[in-house]
Every structure is written in C-alpha cells, then in structure tokens.
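Let us go through this model in questions and answers. The chains come before the details.

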Amino acid sequence: MTERGTRLMARAALVPVGAGALILVGWPVVRMATQAFAALATASTPGLGRTAAVSTGLSLTVTVLATVLGLALALTARTLPIRPRRLFDAVIGALLLVPPYTVAAAVVAVGGRGGRFAAVLPDVYGLPGMVLAMVVAHLPIAYLVIRVAWRVVDPHLVEMARVHGARAGEVFRLVLLPPLRAPLGVTAALMFVSTLSDPSIPAVLRGRVPTLAHTAYIEVIAWGGEGTASLIAVLLALPVLPLLLVLWRRPEPSLLVTRWLGRGASPTLALPSSPLVNACRALSVLVLALVLVLMLTAGTSMARAQVALVTPAMRAVIISTLGYALVALLIAAPLGVLTAWASQRAGERVARGADFLQVTLLLMPATTLGIAFFLAYGLETPTPWGDLPALVGGASLGSGAVALLVAFVAPAVPLVHLAVRAGQQRTPQALQETARVLGAGRRRLALQLVLPRAGALVAATAAAVAARNIVSVVPVVFLSTPDAPMVASFALDLLDRASFEQTFALTGIIAVLVTAVGAAVAAASAAVVGRRGSL
Amino acid sequence: MTPSLRSPCALTALVVLALLVVTGCTAADGPAERDEVAVLCSNDAEICRAWAAAFTERSGRDVTLVRLPTSEALERIRRGEGLPEFDIWHGGGAEMYVEAAEEGLLAPYTSPETAAIPDEFRDPEGSWSGVYSSMLAFCVSPPGLAALDAQTPRTWDDLLDPALTGQVSTASPRTSGTAFTAMSLQIDRLGDEAGRDYLAALYGQVLQFTRSGTAPVQVVVHDEAAVALTFAPYCEAARAEGHDVETVVPHDGTDYEIGAVAVLADAPHARGAREYIDFALSAEGQRSGADSGIHQIATRSDVPGNLAEILADGRYPVIGSPLAERVERRDELLGWFTAEVER
Amino acid sequence: MRNEGGLELSGVAGVDLRVRSGEMVALIGPSGSGKTTLLRRVAGLDPLPAGTVRIAGRDMARVPVERRPATMLFETPVLFPQLTVEENVGFALEHGRADATAADQLDVALTSLDLRTLRTRYPHELSAGQRQRVALARALVRRPEVMLFDEPLAHVDPAARTGLLREIARIHERLGSATLLVTHDWSDALAVADRIAVMREGVIVQVGTPRQVYSRPASAWVATRVGVPNFLSAHIEGVSTGADGHRVRVSALGQRWEVPAAPDLRAVGEECILLGHPHAFTMEQVTERRAVDPRRGRILTTTFGGDHVDHDVETDAGTLVIRRPLGPRDEPWPRGTPVEVALVPEAVWAVPH
C-alpha cells in the first residue's frame with residue numbers, strides 16, 4: 001500500500017474511535033459543563049465556596065507533604081545499596097495496591113476512638129486524619145516518579161560536584177533537582193487533582209469537614225441537585241487545564257513519561273553527609289515506621305475480628321469487579337494500540353492531535369468523568385435521530401454494564417496509547433535506517449524491531465491498567481449498582497458501617513489478585529508482542 | 001498469534017466483538033420467566049433476604065432481589081419509567097411511597113389482606129400499604145459513655161451534653177429515611193424555629209453523617225461513637241448478637257417509621273406481584289422479617305404487639321405528625337440541612 | 001604551607017609515594033591496574049582499605065571529599081548540563097580558596113583556556129575537547145593543592161589532544177600543585193611528567209624519571225608498558241658492581257657483552273632478559289648471509305619514520321626491531337637484505353627473567 005493509502009486508512013480508523021469518544025465522553029462533559037454554568041448562574045449551590053476552599057487547602061497540603069516525603073524517601077533509597085533499596089521500593093510500592101479508603105480505615109484502626117493508639121493520639125476524624133491518609137495513599141506516586149527521574153542522574157556528576165567542594169544542599173540543587181523539574185511538576189499537579197477528586201478518604205475520615213469530592217458523591221447518590229454535582233465536577237477539572245496548556249505547547253512525551261532507561265539498578269549515589277541527608281533518613285524511618293504500624297494494626301484487627309471476614313457477598317463483588325476489569329482491558333488494549341498505530345501513520349498533525357486528546361482523557365479527573373457520564377446517561381437522551389438509551393444504573397442498557405466498562409476503558413485507552421507511542425519513539429533512528437537498508441519492510445520493522453523494544457513497556461502498562469481497574473474508586477462509585485457490584489462501592493458500604501476488618505480482608509484479597517492478574521497480564525502481553533529476535 | 005491477527009483491522013473487529021459479547025452477557029435479562037418476581041427492597045439487607053426466602057417458600061416463585069436505600073430506590077424507579085425493571089417495592093419509609101404514588105409510579109392494588117391493615121397505615125387509593133414499623137430510639141454504649149464520664153442520654157436535650165460532642169452517630173437525612181424521621185420529629189416536638197435551632201445544636205454533636213440509616217448502630221458497636229440515632233430494632237438486634245449496647249427511647253418524644261410495600265406501575269409480572277403483596281401484607285409475611293434477627297413492629301391489627309396497639313397504650317411517647325405533613329416539609333428541611341449543616 | 005605541601009601516599013598501592021608541590025607524576029598501567037581507583041582514593045571518593053593519604057601534611061582520613069584541597073578531572077568531562085560555561089567554572093570559585101576578586105579570577109581562567117567566546121554556551125553545545133577545557137578552567141579557579149587527572153585526553157579528538165595536553169601542563173605549572181596524571185599513552189607521560197609511576201594490579205611497580213623508566217625499566221613487564229620491543233634471553237656469566245654501577249656479563253648475538261643490569265641480578269648462571277629499545281642495536285649490510293652466524297640476520301619489514309627507519313630483523317635470537325637513522329641521501333634497506341647485528345651495550349638493560 002502506498003504511503004498516501006496508509007495515511008488515509010489510518011485516518012479512517014481514527015474516525016469511529018473519535019466518534020465513540022465524542023458520544024461517550026465528549027457529549028457528557030459538554031452537558032455537564034452547561035449544567036454547571038446554569039447552577040452557577042442561579043446561585044443554587046450554597047456553601048460550595050467554603051467547601052472548595054477547604055478542599056483546595058487540604059489538597060495543597062497533601063501534595064506538598066507527599067512530595068517532600070517522597071523526595072526524602074527517594075533520596076535515602078538512592079544512597080542505599082541495592083538490596084535495602086529494593087526493600088524500600090517494595091514497601092512503598094506495595095502501597096499502590098492499597099486503595100485510599102483502606103488507608104483511611106487503617107488510620108481509624110490506629111487512631112480512631114476504638115483504635116489501638118486512641119489514648120495517645122488526637123482525634124483522627126477531620127483534617128488531620130484526612131491529611132495523614134491522603135499523604136500515605138499518594139506517597140508511592142511521588143516516590144516512584146522521583147526514583148525513575150533520578151535514573152538519569154550520572155553519579156560522576158555527584159562526584160565531580162563533591163570534588164569541587166559542593167555540600168549536600170548544592171549537590172541536591174545542582175545535580176538532583178534539575179532532572180526532577182518537569183516530572184515532579186506534572187506529578188504534583190496530578191496529585192493535587194487526585195487528592196481533590198477522591199471521595200473515598202473523606203467518606204471515612206471527613207468528620208464534619210466538607211470536601212468537594214465527597215459532596216459530589218453525596219449529590220449524585222442522594223436527594224439534591226445535579227447542578228451542584230456538575231459544578232463540582234467542573235471545579236475538579238479546572239486544575240488540569242494549565243497542565244494541558246503546557247503539554248500542548250511542549251508535546252514531548254518526556255514531560256509525562258521520563259525516559260525509561262531499561263533494566264538494572266542505578267548506582268548508589270554517595271552524597272556528602274549533612275543535616276539534609278540525615279533529615280531525609282530520619283523522615284524515611286518515620287514514614288516506614290508509620291506504614292508498618294498501619295499495616296500491622298490492620299493485620300491484628302483482622303486477627304481479632306469476631307465476624308466472618310469474607311462473606312458470599314464479598315466473593316460475588318470480587319468476581320464481578322475482576323470480570324469487568326479484565327473485559328475492559330481486552331477492549332482498551334487493542335483500542336489503544338489501534339489509535340497509536342493510526343496516529344503514527346496518519347501524519348504529524350493528526351498524531352499530535354490524537355496524542356493530546358489522549359493525554360486530556362488521561363488527565364481528566366475520574367470523578368469528573370464519572371459525574372459527567374452519570375448525568376448524561378442516567379436517563380434516556382433524546383436526539384433528533386431517536387433516544388439514546390440510558391447507560392447508567394440498574395435500569396439501563398446492560399444493567400449498567402456499559403457505563404462501568406466505559407468508566408474503566410476511558411482512562412485505560414490513553415495509557416496504552418501513550419505507552420505504545422513512547423515505545424515507537426524508543427527505537428533509535430540509526431537502527432531503523434540500518435534495518436531498512438538491509439531490506440526490512442515496515443511490517444518487519446514493527447514486528448522485529450519496534451515491538452520487542454516497546455513490548456516490555458506495553459506489557460507493564462497493560463498490567464498497570466488491569467491493576468488500576470481493579471483497585472480504582474472513581475469513577476466506579478458514581479456508576480455502580482447492586483446489579484453490577486464493584487469492590488469500591490462495596491468497600492464504601494462496609495466503611496459506612498465501620499466494618500474495618502472486612503475492608504482489610506477485602507483489600508488483602510484484592511492485592512493478591514491484582515498482583516497475580518498484573519503479572520499474568522504482563523507475561524501474556526510480553527508473550528504476544530514477544531522477542532522475535534532483532535535485526 | 002499470526003501476523004494477520006495483529007493487524008489493526010482484526011484488532012478493531014475483536015474490540016467490537018468483545019463489546020457485543022459483554023453487553024449481551026451482562027445485561028440483566030430481568031425476570032423473563034413466568035415464575036419470577038423482581039423486588040426492589042429498601043429495608044435492611046438481612047430482612048430483605050428473609051422476606052424473599054419466605055415468599056419463595058410459600059409460593060414457589062423465585063425472587064430477584066435488589067437492595068437500595070429508600071431515596072436511591074425512588075430514583076431508580078423514576079429512571080426505570082418506561083423500562084420496567086421491578087415488580088415490587090418493599091420496605092423503606094412511606095413518605096417516599098407517597099411521592100412515588102403522586103408521580104404515578106405505583107400501581108394500585110387492594111389485596112384481600114389489606115383489611116387487616118389500619119387505614120392510617122396505608123394509602124387510601126391502595127397504591128401502597130404499611131407492613132412494618134420501628135420506633136426511633138438512641139442506641140447507647142454504656143462502656144463508651146463511662147469512658148467519657150457522660151450520663152446515659154434519656155431525652156433529646158441530653159444529647160446536647162458537651163461530653164457527647166463528636167460522639168453521636170446518625171445518618172444524613174438526605175440519604176436516610178431514618179435520619180429524616182428523627183429530623184422531622186424535632187419540628188413536631190419544638191416547632192419550626194426552635195426545632196431548627198435544636199437540630200443545629202444536635203448536629204454539632206455528630207461525628208460524621210453516615211450514608212445508611214442502619215450504619216450508626218455499627219459505628220457505636222465498633223466504639224467509634226457512644227450514641228447512635230436509629231430505629232430500635234437495629235439496636236436490639238446488635239444487643240442480641242452480644243454487643244454491649246442499650247436501647248433508650250427518649251422520654252420527651254419519639255416517632256416511628258412506617259415501612260411500606262407497593263406494586264410498581266408496568267410491573268412485568270402483574271400476577272406474581274399481586275401474590276407478593278398478599279404475602280407481604282399477611283401475618284406470615286409480616287413476621288418473616290424477624291428471621292433475620294431484627295424485630296420490626298407489625299402493622300396488622302391481628303398480630304400481637306402491632307403498631308396500633310403500641311400507639312394506643314402509650315408505652316412510647318410518640319409525637320409525630322401526619323405523613324402528608326412530613327412529605328410536605330421534606331424538600332425544605334433537606335434544603336436547610338444542605339445549606340446550613342452539611343456545608 | 002607550601003613547604004609541607006604536596007601529596008603523600010603511605011602504604012597505599014604497595015609503595016610510599018611522595019608528590020611534591022609543583023611536581024607532576026604520570027600513572028601508567030594497563031586497564032584494570034588500579035590507576036583510577038588510586039586517584040579516587042586520594043580524592044576520597046572511594047574508601048582507603050589501608051595506608052594513609054596526606055595532603056599538605058594533613059591526614060585526610062576523616063576529611064570528606066568536598067573538604068579536601070584536591071580536585072579531579074574525569075575521563076569524560078563532567079559539567080552541570082543546565083549551567084553555562086561561565087556558571088560551571090564559577091561554581092568552583094565559591095568553594096576554592098577564592099580571593100576577593102572572584103569575577104577577575106573567573107575571567108582569567110576563561111581567558112587562559114580560550115573560553116571567553118564560549119562563556120554563554122551550554123555543555124551540550126561544546127565538543128569533548130572544549131568540555132575538558134572548561135573542566136580545566138574550573139580546576140584553575142579552585143587552585144587546589146593536589147590535582148588528579150583521570151585519562152583526560154581519552155575522548156578528545158586527535159587534533160585537539162596536543163593542545164589540551166599543553167594546557168594541562170601549563171595549568172599545572174601555574175598552580176604549582178602536586179599533580180597525578182593517569183594515562184595509558186606513554187608519549188603523553190613522557191611529554192609532560194616529572195616522574196612516571198607504573199602500576200600493575202593495584203601496586204606501583206616502578207617510580208622514576210621518564211628517562212629512568214624509559215631506559216631502565218624495573219622488569220620485563222614494565223618494559224612492555226614503556227614500549228621496549230626487544231627481549232633477548234641470556235645467562236649471567238659474571239657480575240660486577242663498580243663506579244659504572246651494577247653490570248653483568250652475558251653472551252648474546254654470538255658475542256660477549258658487559259651491560260648495565262638491575263641491582264637484583266646477582267647470581268652467576270642466573271637467567272636474565274636483555275631489554276633494548278630499537279636504538280640499542282646496530283646493523284650493517286653484508287653481502288650474504290652466512291649460515292650459523294648468530295650475528296647475522298635478514299630484514300623482514302621496514303617502517304619509515306621520517307628521519308629514521310625501523311626494521312624488523314630476523315635473527316637466530318629472534319626478531320629484533322632495530323632503528324637506523326637516515327641521512328639526507330640514505331634510503332631504507334629493502335626487505336630481505338642480509339645484515340649483521342650488534343648490541344650497543346650502554347643502551348641495553350638486563351633484568352631478571
């Protein structure tokens with residue numbers, strides 16, 4: 001096929017995908033925005049200003065704390081030999097498998113009125129508890145992003161700085177900080193949005209402090225106005241806009257995804273001993289101790305529970321969630337690969353546009369997506385060509401299955417798309433040219449050169465998508481029904497009734513399953529894309 | 001995998017296929033067979049299961065059960081208009097049933113068993129009938145109170161004890177009929193202005209508002225609060241399970257909920273639905289809920305200890321207002337709650 | 001301070017080594033011989049398992065890297081990628097023994113190394129040679145007691161090497177510091193070093209002036225490192241120590257010779273190796289090769305060197321590389337030419353086998 005023909009075909013392939021995205025995401029977002037403006041215009045959202053202020057302050061605090069602690073942990077890890085460093089990675093990384101509501105439950109188990117250390121700790125309900133739970137829940141993100149960003153740090157640079165007399169602070173400022181600027185900026189923005197739009201920690205620990213996300217959650221499930229929910233959904237999306245603007249003007253994927261440097265541990269950095277390094281070490285010990293206490297308390301509370309930890313309803317919920325997550329992956333993965341392939345073939349401008357739209361979808365707060373979808377498709381939508389069926393709720397098409405699948409697929413497709421695009425760009429130009437000179441056509445290039453290099457990345461992404469779908473709270477809690485029970489909604493019900501032990505048990509089972517499923521998906525993806533030998 | 005399967009066209013086809021399969025597989029087929037009844041239940045989950053089991057045993061019909069809190073159930077019924085999903089709505093405060101009836105969401109049916117239900121506990125048009133009742137009460141934790149050095153609250157004013165700040169658990173009236181009943185009671189007890197003042201003070205004592213009306217008792221059982229505002233049967237059930245809690249009906253006034261049952265308009269299985277109503281209104285039906293361990297008050301006048309009997313003998317200081325009044329003030333009160341308390 | 005200045009290594013790398021202020025010692029040895037490790041230990045980047053390092057008379061055992069009065073240039077020039085040339089050099093200013101006129105110092109350093117026109121450029125815009133010059137300028141402003149160069153010319157293109165080597169020597173002269181220069185290039189070491197230390201498997205096996213190491217390698221192994229091509233086995237027939245130094249009598253190439261020898265060659269009958277640079281042998285053209293004459297040989301290859309020619313000559317004692325100076329009218333002898341070979345005794349050096 002000619003170049004032009006391929007380009008046309010690629011563009012044609014993007015059309016149905018784009019149309020689907022428009023119907024399932026675009027229209028709900030537009031509808032939600034108009035509802036939000038209407039609510040604003042009629043001033044029918046009392047007290048929201050205060051709620052927004054409190055939420056913003058809370059998220060800012062958590063973002064700063066999580067970033068600082070993540071830095072301290074990453075710095076300490078990087079100065080350790082390989083084995084202790086891996087232990088760090090394992091403990092902090094394990095937190096990724098723990099949903100935020102479980103962290104909140106652990107905080108209550110430790111410091112709640114009936115908690116182990118209730119006598120010595122202040123009341124955890126309200127801002128202190130929420131800050132603590134949110135920091136612990138988001139710590140792994142900051143930590144891992146910094147660890148990956150610091151893979152590019154040349155230890156010679158540290159040595160050179162030191163032989164020229166640089167103290168720890170200068171080594172940090174001149175060597176360690178520069179590679180962090182872009183990734184940390186993006187991560188901080190995303191953490192801010194994530195903490196702002198998570199309703200599950202406030203559901204457990206809010207006390208009497210209103211937060212935007214939890215208010216939106218209540219507005220959706222309770223008596224009340226859709227106007228407030230839409231307005232909140234729009235507010236939650238606002239912090240993402242400056243980030244999108246930056247990304248539009250600087251479209252390098254490296255802004256979002258730090259260059260992956262492949263296997264092997266980075267060399268240990270020998271930083272000068274100083275109050276800064278010692279403080280980081282002390283903070284790291286504190287954080288690890290805290291995480292350990294939370295985990296141990298959760299474990300012991302399960303051991304002392306006087307009720308059955310695993311119920312038939314729980315089993316049904318787990319199976320249901322797993323099923324949806326895997327089906328969603330089966331839909332999202334090929335879609336993401338398709339859009340990535342089509343973007344590459346369709347020309348640079350189309351590629352840039354497609355990448356940007358994918359990034360927008362990825363960065364949009366899941367709460368916003370969930371609310372938008374709920375509001376748009378909770379009822380039948382009249383169109384000039386007939387009614388679009390309701391897609392949300394038990395009374396809808398597929399008893400709400402469509403909504404849930406869209407909720408899982410929507411953020412997953414961009415992940416796969418970006419991973420494949422990053423993989424496409426990983427193959428060095430010289431290698432591609434050499435291959436072509438040796439007679440390799442496009443297909444062989446793709447199969448034997450690009451895919452193996454991108455394979456690991458795509459496999460990891462697929463595993464991450466599967467894991468995330470299973471663990472995610474939003475937008476699931478806005479869309480699930482008893483007919484299609486989801487782990488997140490079930491857990492929030494448990495926590496409403498202060499059934500912490502059962503929540504821990506559920507989390508434990510899910511963590512094991514997620515690890516197994518993630519590993520299986522990664523292995524399967526790696527086998528499919530495979531190492532077919534290189535040219 | 002052969003190279004052809006990896007081509008984008010094949011992938012797209014796979015996607016479409018998967019989508020169709022999934023939607024098909026997970027679509028709720030609904031009670032397509034003749035001997036099934038679909039019930040939307042708004043009582044405690046265990047009671048719902050007990051009702052369903054008892055009905056199945058009696059009639060041989062299978063029951064598809066979906067449990068939703070009352071206001072969410074009403075929303076679901078509204079959304080299901082034109083797409084009938086359920087035959088029966090069973091459980092939940094009658095205020096919601098009144099609203100549903102006004103919106104034409106219920107199908108009137110006068111069962112032979114209706115005669116045993118006093119008029120004041122059912123809809124005159126036959127759209128719904130009250131089948132159980134519960135009294136509003138405090139569920140207190142004596143050890144919890146002792147640790148706080150607080151007295152057992154016996155009146156609504158006792159709840160304002162500073163020692164109980166942050167130690168009261170109740171649901172949000174926006175999501176829970178139980179909580180709305182308690183809220184409405186204060187207006188009945190003290191009048192509109194004084195009632196709202198009291199509510200503002202009471203809600204200042206609350207730890208955090210739960211979603212479900214049955215949750216506050218569990219919060220107390222787990223030692224996260226010392227007092228729960230709930231319906232008495234839930235507290236009694238927790239006590240029967242061995243937890244150290246005590247039911248206290250406030251001296252200065254209480255109220256009760258009437259839990260109802262109704263046939264939904266356009267019910268797919270009209271005959272099965274009517275059979276269900278007959279069962280729910282029967283003495284057997286009204287007693288079957290107790291299999292769950294939660295003992296709600298029957299509404300039938302021929303069941304010992306029924307609601308009319310209890311109201312007449314004055315053992316509980318029931319204040320309460322007519323259902324219609326409660327329904328009327330609902331939107332305004334909840335609006336006040338949202339603006340003044342929640343935010 | 002300068003009296004006691006310089007670098008002192010005791011019990012490090014198997015020897016005691018003293019590098020005076022103003023002296024440059026080149027460290028030569030094969031890859032993996034421990035040259036870089038030694039440098040890193042002096043800088044404090046690697047721990048010192050045994051021995052002491054003293055700089056300006058001060059034991060560096062408890063002194064961390066950033067406080068040692070030493071600087072190091074790495075094989076690959078390491079600059080802060082986000083700082084300009086000027087900022088990179090200026091960075092060292094804050095930590096050196098800066099005078100009040102820091103800006104002047106910076107200017108002088110940039111001018112000295114011809115970097116003024118590049119002062120606003122970033123490292124990624126410079127060539128390898130230019131980057132090393134920036135690193136040198138940084139060392140210049142820091143004015144350390146000890147300078148450590150780890151193969152600074154390894155990645156510099158040939159055209160720039162000579163110039164950079166000259167700069168290194170100049171900076172060293174100017175600063176008067178004790179300098180350790182690691183290189184694998186023998187000619188670089190010869191060109192700039194005051195002394196040469198040869199390292200093998202983490203141990204210094206010979207230290208001496210370039211002349212000493214060149215002419216009197218401590219062992220056959222050192223000889224290979226300094227480029228000695230000719231090794232002749234011989235038996236010691238006699239030993240003498242006198243005003244001319246330690247000498248041994250040996251038979252080689254059909255004759256008896258008395259040649260200078262390493263002091264540890266003492267036993268008559270002991271086997272030794274005669275080391276000789278190309279100029280340690282002479283040869284004369286002969287008309288024909290007589291059989292069974294150990295002095296006779298035949299030219300195998302010819303390498304023209306401008307004012308000389310090196311011949312590989314096949315003899316009974318093995319192939320010898322012999323240099324023949326060329327006059328203006330001389331031509332290189334062709335392949336196959338029969339020659340008669342002789343030793344230049346004073347240019348040969350005997351070492352243990």
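Two residues are in contact if their C-beta atoms, placed from the backbone, lie within 7 Å. The model is predicted.

Q: How far apart do the closest C-alpha atoms of chain B and chain C lie?
A: A contact needs C-beta atoms within 7 Å. No contact joins chain B and chain C. Their closest C-alpha atoms are separated by 41 Å.

Q: Of the 2 pairs of chains in contact, which share the most contacts?
A: Chain B and chain C are not joined by any contact. Of the 2 pairs that do touch, the one with the most contacts is chains A and B.

Q: Which element gives the most to the side of chain C that touches chain A?
A: Here 17 residues of chain C meet 15 residues of chain A. Elements of chain C that each give two or more residues are α2 (85-93), α4 (128-142) and β6 (70-73). The top contribution is 3 residues, and it comes from β6(C).

Q: How many residues on the side of chain C that touches chain A are nonpolar?
A: That side of chain C has 17 residues in contact with chain A. They include 3 charged and 3 polar residues. The nonpolar residues number 11.

Q: What percentage of the residues of chain B count as buried?
A: Chain B has 13 helices and 11 strands. Among its contacts between residues at least 6 apart in sequence, 75% join residues at least 24 apart. Of its 343 residues, the buried share is 51%.

Q: What percentage of the residues in chain C are buried?
A: Chain C holds 8 helices and 20 strands. Its C-alpha trace spans about 75 × 45 × 30 Å along the principal axes. Out of 353 residues, the buried share is 43%.

Q: Which strands stand at the edges of the open sheet of 6 strands in chain C?
A: The order in this mixed sheet is β6-β7-β8-β3-β9-β10 (chain C). An edge strand has a single partner, so one of its sides lacks a neighbour in the sheet. In chain C the edge strands are β6 and β10 (203-208).

Q: Which residue is the bridge partner of Val25(C) in β8(C)?
A: β3 (residues 24-28) of chain C pairs with β8 (residues 178-182) of chain C. The pairing is parallel, over 4 bridges. Val25(C) has as its partner Leu180(C).

Q: Which residue in the turn between β1(C) and β2(C) has a positive phi?
A: β1 (residues 7-12) and β2 (residues 15-19) of chain C pair in the antiparallel sense over 4 bridges. Val12(C) lies opposite Val15(C). The hairpin leaves 2 residues between the strands. The residue with a positive phi, about 60°, is Ala13(C).

Q: Which residue in β4(C) stands opposite Leu9(C)?
A: β1(C) also pairs with β4 (residues 52-55) of chain C. The sense is antiparallel, with 4 bridges. Opposite Leu9(C) stands Val53(C).

Q: Why are the buried residues of α12(A) on the same side, and what arc do they cover?
A: In α12 (residues 240-249) of chain A, Val240(A), Leu243(A) and Leu247(A) are buried. They sit on the same side of α12(A) because the arc they cover around the axis is only 60°.

Q: Which exposed residues does the face of α12(A) turned away from its buried side carry?
A: Cover over the buried residues of α12(A) includes α8 (181-196), α11 (226-237) and α15 (348-363) of chain A. The face turned away from that buried side carries Leu241(A), Pro242(A), Leu245(A) and Arg249(A).

Note on methods: Residues are numbered from 1 along each chain as its sequence is written. Chains are lettered from A and ligands numbered from 1 in the order in which they are written. This is a predicted model: local features need pLDDT of at least 70, side-chain atom pairs count only at pLDDT 80 or more; totals for chains, interfaces and linings use all residues. A residue is buried if 20 or more other C-beta atoms lie within 10 Å of its own, exposed if 12 or fewer, and partly exposed in between; C-beta atoms are placed from the backbone. Ala, Val, Leu, Ile, Met, Phe, Trp, Tyr, Cys and Pro count as nonpolar, Asp, Glu, Lys and Arg as charged, and the others, Gly among them, as polar. Two strands pair if DSSP finds at least two bridges between them. The arc is that of the directions from the helix axis to the C-beta atoms.
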